[in-house]
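Look at the charged side chains in the structure shown here. This report describes where some of them pair and how exposed they are.

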Amino acid sequence: LPLTLQVKNKAPAEVQITAEQLLREAKERELELLPPPPQQKITDVEELNDYKLRKRKTFEDNIRKNRTVISNWIKYAQWEESLKEIQRARSIYERALDVDYRNVTLWLKYAEMEMKNRQVNHARNIWDRAITTLPRVNQFWYKYTYMEEMLGNVAGSRQVFERWMEWQPEEQAWHSYINFELRYKEVDRARSIYERYILFSVLVIVHPDVKNWIKYARFEEKHSYFAHARKVYERAVEFFGEEHMDEHLYVAFAKFEENQKEFERVRVIYKYALDRIPKQDAQNLFKNYTIFEKKFGDRRGIEDIIVSKRRFQYEEEVKANPHNYDAWFDYLRLVESDADADTVREVYERAIANVPPIQEKRHWKRYIYLWINYALYEELEAKDVERTRQVYQACIELLPHKKFTFAKMWLLYAQFEIRQKNLPLARRALGTSIGKCPKNKLFKGYIELELQLREFDRCRKLYEKFLEFAPENCTSWIKFAELETILGDIDRARAIYELAIGQPRLDMPEVLWKSYIDFEIEQEEYERTRNLYRRLLQRTQHVKVWISFAQFELSAGREERLQRCRQIYEEANKAMRSCEEKEERVMLLESWRSFEEEFGSDTTKERIDKLMPEKIKKRRKLQAEDGSDAGWEEYYDYIFPEDTANQPNLKLLAMAKLWKKQQQESEAAAMDPDKDIDESQT
C-alpha cells in the first residue's frame, strides 16, 4: 500500500507564489540550463577546406536569394579577406560592383581592403574608377588625396586635386586644396588657387559669396602680405558695388585697417558703408563702428558714463519693486545692446524669478513676455537651441494650467520646434496643451499647422475634438465644412452644416446659416437653398432673411425668377403685418419698390406705391429711472394703408388737417379786409 503523508499545518504560507511566477521561473531556468554550443577545432587541411566550402556555400546562397543586399556581399568579401584570400575578395567586390556600382560604401570598403593589404596600385586603380564613375561623391576625392599624401606622393595628390577642381566642387573642396598647399609651405600655389576660386565666383558664379573674398584677404593678412590683402578687399567692394552691399565685408575690411593702425581709413570705410546700406541691414556695422569709436574716438568716456548711469537707475527701480516688469524690459533692452550673453542671461534669470504672487491671469500678462523675450533671445541672438527649448519647457511647467494658461506660449514653443525640424515634439506640445487646458486659440493653431503640412485626416480629428469642446462656435463649424468642400467631399460638408444648425446653442447662428446657404448656392442646389430659407424662416421672421430670399430667387437665373421673387415679397409683406418693428416692414417695402422699379411694370409700380406707408410725427411721455415724469419726446411713426385697424385714425387725421386748413384761411381773411370787400363786389 502506498504511504500517505499527513499534512499537519494546513494554514497558508506567508509568501504566496502565483502560477505566473512558477512559469516565469521555469522559463528562466530552462534558458540557464541550455548547454553552450560545441567549440569546433580544425586539426587538418581537409577540415579547413570543408569549413571554407560550407561558409562559401552559405554566403553564395544568401547572395543568390537577394543580390541587391550589398551587406551580404561586403560580409562575404571581408570573410575572404580575413582568410587572406585577397584574390577571392577582389572577385567578390567586382561582382558586387556589377550589381550596384552606385553604392558608395561598396567602393570605400573595396579601396580600404586594398590599402590595408598594402596593394597601393590596386587602391589607386579603384579610386580612379570611383571618381570617374561617381565624380560628385566628395568622399572619394578626399580619401584619394589623403592616401596619396600619406604615401608622400605630393605631386600625385596635387594632380588629383586638379582633376577635382575641374568639376567645380563645393566650397570646402577648394579650402582643402588650399590647406594642402599650405601644409607644404606653397604660399604662391595657394594664392593662385584662391585666384581661381574667386574667378569662379565672379564668372561662373559658383560661390558668389562675401565670405569667400574675406577668407582670401585673411589668408593674405595671415602671411603678412598686407598690400595684397587690401587689394583683395578693394576688389571685393568694387565687385559687389552699391547694389549688393554686405555689411560683413565692410566690417572685415575695417577691422583689417584697424589692425594696421589706419584709423582714418577705418572711419572712412564705416561712414561710406553706413551712408549706403539701409539701417535695418546695418545693425552689426553700426555696432562695430560704435565699438571702434569707443576705443579710439572721443565718445568713449561719455557713452560709458551714460550706460553705467542708466544701468544703475534700472537696478534701483527693480530693487524698489521687483514686480515692475516694464523696468525689467527697459533694463534688458539696455543689457542686450551692450553686454555679453552671460550678463544678459543673468538679468533674464533675475527677471523671471519674480513670479506674480496672485494666480490671476491679468497679473501674469506682462510677466509672460519676459519668458517670450528670453526664449527669442536664446534662439535668435545666442543661437542656443537646447537652451531655448529649456526656457520654453520651464515656462510651461510654471504656468498654473488648471486655473489659466497662455495659448501664445504653447504656440510659440510648437513653432520653435518646427523651425528646428522636430515635428513630433511640436505635435506633442500642442496635444499636451489641448489635453491640459483646451482653448479656441490652441485648437486653431494646431489645425493651421496640420493644414500647412497637408495632414487632412489629423485636421478632421482636431476639428471633431474642437467641436466637442465648443459646439457653439459657429466659425469652427464653417471652417470644418469649408475644409471638406476644398477636399471635394460635398456630402460630408453638408452633413457638418446640418449638425451645426441642429445645435441648441450657437454664438453666431446668422453667420452659420448664411454660410450654409452660400455653400448650397455655390453647388447650384437651388431647391436645397429654398428649403434652407424656408427652414430659417420657421425660426426667425427677420426682414433681412426675406430680402435675401427674394434676391436669391432673382439671381437664380430662370424664366420664372421675377414671379418667384415677387411672390416672396408678397409673403414677406403678409408675414410682417403683425410685426411690431415698423422700420423693418418699411425696409422690406423699399426693397420691393427697388425691385419693381428695375423689373416691374406700371401696374406693379403703382401697386407698391399704394402699399408705402405715411410717415407722421408723434409725441410720447418719458419717465425717469425713479418713475418720475421726464417730459415728452417726439418720434416718427409709420401708418400703412393695408392696416384696416388704423383706418378710423386716418380719417380722423384727414378731418383734422382739413379743419386746420380752414382755420388758416379764415385767419388770413381777417388779416386782409380790402380783399374781402373786393371779393363781395365781385
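**A pair across the chain**

Arginine 366 and aspartate 326 form a salt bridge, with their closest N and O atoms 2.3 Å apart. This pair links distant parts of the chain, 40 residues apart: arginine 366 is in the loop between α19 (361-364) and α20 (368-381), and aspartate 326 is in helix α17 (residues 325-338). A salt bridge here is a side-chain nitrogen of Lys or Arg within 4 Å of a carboxyl oxygen of Asp or Glu. Helices (H or I, at least four residues) are DSSP runs, numbered from the N terminus.

Arginine 366 counts as partly exposed because its relative accessibility is 42%. Aspartate 326, at 40%, also counts as partly exposed. Buried means under 20% relative accessible area, exposed over 50%, and partly exposed in between (1.4 Å probe, protein chains only).

**How the model is read**

This is a predicted model, in which local features need pLDDT of at least 70, side-chain atom pairs count only at pLDDT 80 or more, and totals for chains, interfaces and linings use all residues. Residues are numbered from 1 along each chain as its sequence is written, and side-chain values use heavy atoms, leaving out hydrogens and water.

**Other salt bridges**

The whole structure has 34 salt bridges. One of them joins glutamate 450 and arginine 427, with closest N and O atoms 2.8 Å apart. Glutamate 450 lies in helix α24 (residues 440-452) and arginine 427 in helix α23 (residues 423-436), so the pair ties together parts 23 residues apart in sequence. Both residues are buried.

Notes. Helix = DSSP H or I, 4+ residues; strand = E, 2+ residues; numbered from the N terminus.
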